[in-house]
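User: I would like to learn how to read the sheet, the helix packing and the pocket of a model. Please take them one at a time.

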Amino acid sequence: MNRREFMKASATTGAVLMTGSLSLAFAGELKPIQLLKPEMGSSNPLMQLLWKRKSLRQFTSEPLSGEVLSNMLWAAFGINRPDGKRTAPSAKNQQEIDIYVARAKGLYLYDPKANLLNPILAEDIRGVTGRQPFVKEAAVNLIYVADYSRMGTHTEEEKLFYSAADTGFISENVYLYCASEGLATVVRANIDRPALASVMKLRTDQKIILAQSVGYPIKTS
Ligand SMILES: Cc1cc2nc3c(=O)[nH]c(=O)nc-3n(C[C@H](O)[C@H](O)[C@H](O)COP(=O)(O)O)c2cc1C
């Protein structure tokens, strides 16, 4: 099916057939729509990055340059509009996710307004940011921490749901930035949270959601 036929078929059926018995029962006369193959050689930069997005877990010890670190953090959750809104969406614009940055030199907290990394701890805590051995090798481990004190009167369940969803968007921004720069990255849930929270001296209403390792990849061939 070429593009013209596809447009015609879409207009005729008007909707995409959903799977699952309930949806099928309501689909009536609708027919499946054969989608076009994703374009490999697309000139759209986002399409090119999505082809490259993946998790990698082998890192060299090379530190990230100031330029890469700055751009990565802005891509992750920087401010992209005059009203202070960010590169990733956040539920009710609560902006509850803080990004802590664990580097060999120490632990920092990203301040997007001042465009600063504020020092928190002069200690290399990369090894405590996850249970997998590679975490201590990655140049940077981002730790996504939800500050529940910014989340109003939601229930605990809602706070966790929103924080997890919001973190997913930030993490994907980092994945796409890494794909654009040839960096290795993996988002991680396998964390000893009480141990990490204790080292980071977090308050009880600050919750570690996920971590994400970033660095230069070990070339395998
Ligand atoms: C919420 C979440 C938690 C994850 N936790 C870990 C983890 O603790 N350790 C790890 O090595 N990978 C972790 N991953 C990465 C997945 O294993 C990876 O995305 C999956 O295998 C698919 O591979 P891909 O990212 O290359 O497509 C996690 C991914 C997500 C979305």
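Predicted model: local features only at pLDDT ≥ 70, side-chain atom pairs only at ≥ 80, totals over all residues.

User: In what order do the six strands of the open sheet lie?

Analyst: Strands (E, at least two residues) and helices (H or I, at least four) are DSSP runs numbered from the N terminus, and two strands pair if DSSP finds at least two bridges between them. Here the order is β3-β2-β1-β4-β6-β5, with antiparallel pairing. The edge strands, β3 (116-121) and β5 (184-188), each pair on one side only. From one strand to the next the twist averages 25°.

User: How many bridges join β5 to β6, and how many join β2 to β3?

Analyst: Five bridges link β5 with β6 (residues 206-215); in that pair, alanine 184 has glycine 215 as its bridge partner. β2 and β3 also pair over five bridges, with leucine 107 opposite leucine 121 in β3. Their hairpin has four residues between the strands, and asparagine 115 takes a positive phi near 55° there.

User: At what angle do the axes of α4 and α5 cross?

Analyst: Axes are lines fitted to C-alpha atoms, for helices over the stretch in contact, and angles run from 0 to 180 degrees between N-to-C directions. The axes of α4 (residues 66-77) and α5 (residues 156-181) cross at roughly 140° and come within 7 Å. Contact means heavy atoms within 4.5 Å. On the α4 side the contact includes Val68, Met72 and Phe77, and on the α5 side Ile170, Val174 and Tyr177 are among the residues met.

User: Which strands does each helix lie across?

Analyst: α4 lies across β1, β2, β3, β4 (140-147) and β6, at about 155° to β1. α5 lies across β1, β4, β5 and β6, at about 10° to β6.

User: Which residues lie nearest the centre of the largest pocket?

Analyst: Rolling a probe the size of a water molecule over the atoms shows where empty space is left. On a 1 Å grid over the protein atoms alone, with a 1.4 Å probe, a pocket is an open set of points with protein on both sides within 12 Å along at least five of seven lines, and lining residues have an atom within 4 Å of a point. Arg86, Gln95, Pro112, Lys113 and Arg150 lie nearest the centre, out of 13 lining residues. β1 gives the most to this lining, with three residues.

Definitions and conventions: Residues numbered from 1 in each chain as written. Heavy atoms only, no water.
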